[in-house]
Amino acid sequence: MAIDTLPATTPPRASGQLQRTDAPARRGRRRLTLTAWLLLVPSIVVLAAAMGYPLVWQIITSMQSFGLAQQFGKPAPFVGLENYAKLVTDPYMWTVVGRSVLFCLLTAAITMVVGVLMALLMKAVGRVVRVILQVSMLLAWAMPIVAAMTVWTWLFDWRRGVVNWLLTRMGLDFEGHNWLANPLSFFAVALIIVVWMSVPFVAFSIFAGLTQVPDEVLEAAQMDGASGWQRLRGIILPMVRPVIAIVMLLQIIWDLRVFTQIKMLQDRGSIASETNLLGTYIYQLGTGSSDFAMASAVSVFVLIITIALSWFYVRQMLKEGA
Amino acid sequence: MPARTRRTLLGVLGVVVALIWVFPVYWMVNSSMLPNAQLQLLTPTFLPFGGSFDNFTQVFAGGTFLPALGMSVTVALITVVVCLLFAFLAALAISRFRFRGRTAFVLAILLVQMLPAEGLFIAQYKMMAGLGLLNTVIGVSVIYIASVVPFTIWMLRGFVAGIPADLEEAAMVDGLSRTQAFMRITFPLLAPGLVASGVYAFLQAWNEFTVALVLLPDNASATLPLWLRGFIQASASKAIDWGQVMAASTLVAVPVIIFFLFVQGRMTSGLVSGAVKG
């Protein structure tokens, strides 16, 4: 792989060194480079328009002060890092950040444990049961997120939801229990939903990894007297560790940005300020209170965390495929 | 424990887990066929005996489904077509050429692909509002194309790289021009990749909620996810007709489930290919 220091946005054409040399080989190379960049132009243009421009706008806006006057067209004054300082000292921001991180880590951890167990189960059962499991996982995975949310709100409906019915039948008093009224059970419901949606991807990925573990190795270990647990810990888990690592990283990145689930549960009448995570908080700041400066500052914060977390994933992907 | 008993127990466990996992999907379809009066009984009805498609008829009669369907189909088709075209050209560049800036570009698309919609949607809202593109197909499509194109490039890159350049060169030795060689040799081999990436792009655009919520505030321009959300919202004041909501959800979910089963294998391997190969 060629090591390259040119930034993505500088067409190599502009490089003076290449223009000065005239060797035919160089010229051929230059033409190739030019062709390649021409092929990239459409993608770059659309990315610059839909992501690049908003990103720059957002960074600038996060350093301005937005108030009522700006809504009537007055230019926003530049305040430097004041918004960020305000964020850092705002206890509510820390509540939201803490809540988001806690929710993200807990959800990702449970998803991983259930996903790994599910993959092991798929490996352990016979073909028929495996297909049944896989079809069920695929159906759950395929559900559009908004449709999944309407079903889950129906399942957890306080009046006629199946969950309350079942718990009441089991002898607990859940008759008319409203899960979404209390922030703690609100997040418990959100967690169950997110885990339900995320486990299939984890299970299938890890199952794919498990099928790469050679049977001979496992048989050899068994003949040497390794118990099932020892084989799992000593052979299987180390061999699928790279998959587990990358899937877990993706889960953390994805769970940090849960928006649709929280927003749609909030729609059912929960108090937003008690149930906001980062995504819904930005949404509320931007569309509810039109405080674009603060919304931008929180957004930039979220982007920085995401990029930091993604770095390892991106490096891993580059290593194998670029 | 004898191996046979163990196997049977694991099999039973597997089936039970499968049933639990699929239950919400089943419950959606089941409820969609039951009249609301029956759904309001104290004891749930677990099988749709005596059910009907009345809920679906009512959803259609509401008159809002078809416009939302039209909006969703338009946006999804534009996203798929434009995205495939752009991503195909880019995938060609990064898998067929070794050029300066290539690694930087790949790095950039991998990073952009990870950016959360919530990290940019307020800025995108302001931009589209400034351009007068709120509530328009163009506005939301541009954002969708940009958010789907990076992963599509990544997916297609694998397919293009999987077709040996030698094939093309052999055809060129036999007298075809570079373009002809590409169109006759590489392109047909690439078709499955294009279909898989196209379905992926379609699903993303079809299911997307966050950006649509911000860029399409007007009910008249709602896509299906927004329309579906409106169902539980609109009826917030009165009791919700869950039968209708579930019928509406089924209508939104069924095409997705069909397409998804089709493309699933490719998506998993695209996301974790390096790790699985290990």
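The dialogue below treats the interface, then the cavities and pockets.

Tutor: A word on conventions comes before the features. This is a predicted model, in which local features need pLDDT of at least 70 and side-chain atom pairs count only at pLDDT 80 or more, while totals for chains, interfaces and linings use all residues. Residues are numbered from 1 along each chain as its sequence is written, chains are lettered from A and ligands numbered from 1 in the order in which they are written, and side-chain values use heavy atoms, with hydrogens and water left out.

Student: How many residues of chain A and chain B are in contact?

Tutor: Contact means heavy atoms within 4.5 Å. Here 107 residues of chain A touch 100 residues of chain B.

Student: What area do chain A and chain B bury between them?

Tutor: The size of an interface is often given as the accessible area lost when the parts come together. Buried area is that loss for two parts (1.4 Å probe), summed over both. For chain A and chain B the value is about 9,300 Å², with 77% of it on carbon and sulfur atoms. On the side of chain A, the residues losing the most area to chain B are A:Leu39, A:Met51 and A:Trp154, together 7% of what that side buries.

Student: Which side chains meet in a salt bridge?

Tutor: A salt bridge is a side-chain nitrogen of Lys or Arg within 4 Å of a carboxyl oxygen of Asp or Glu. Between chain A and chain B the count is one: A:Asp267 pairs with B:Arg229 at 2.5 Å, N to O.

Student: How many cavities does the rule count?

Tutor: On a 1 Å grid over the protein atoms alone, a cavity is a set of points where a 1.4 Å probe fits but cannot get out; a pocket is an open set with protein on both sides within 12 Å along at least five of seven lines, and lining residues have an atom within 4 Å of a point. Grid points are joined across faces, edges and corners, and a volume is the space filled by probe spheres set on the points. The count is four cavities of 30 Å³ or more. The largest cavity holds about 1,500 Å³ and has 48 lining residues, with A:Trp254 and B:Tyr200 among those nearest its centre.

Student: What is the volume of the largest pocket?

Tutor: The largest pocket has about 880 Å³. It is lined by 21 residues, and those closest to its centre include A:Arg231 and B:Arg6.
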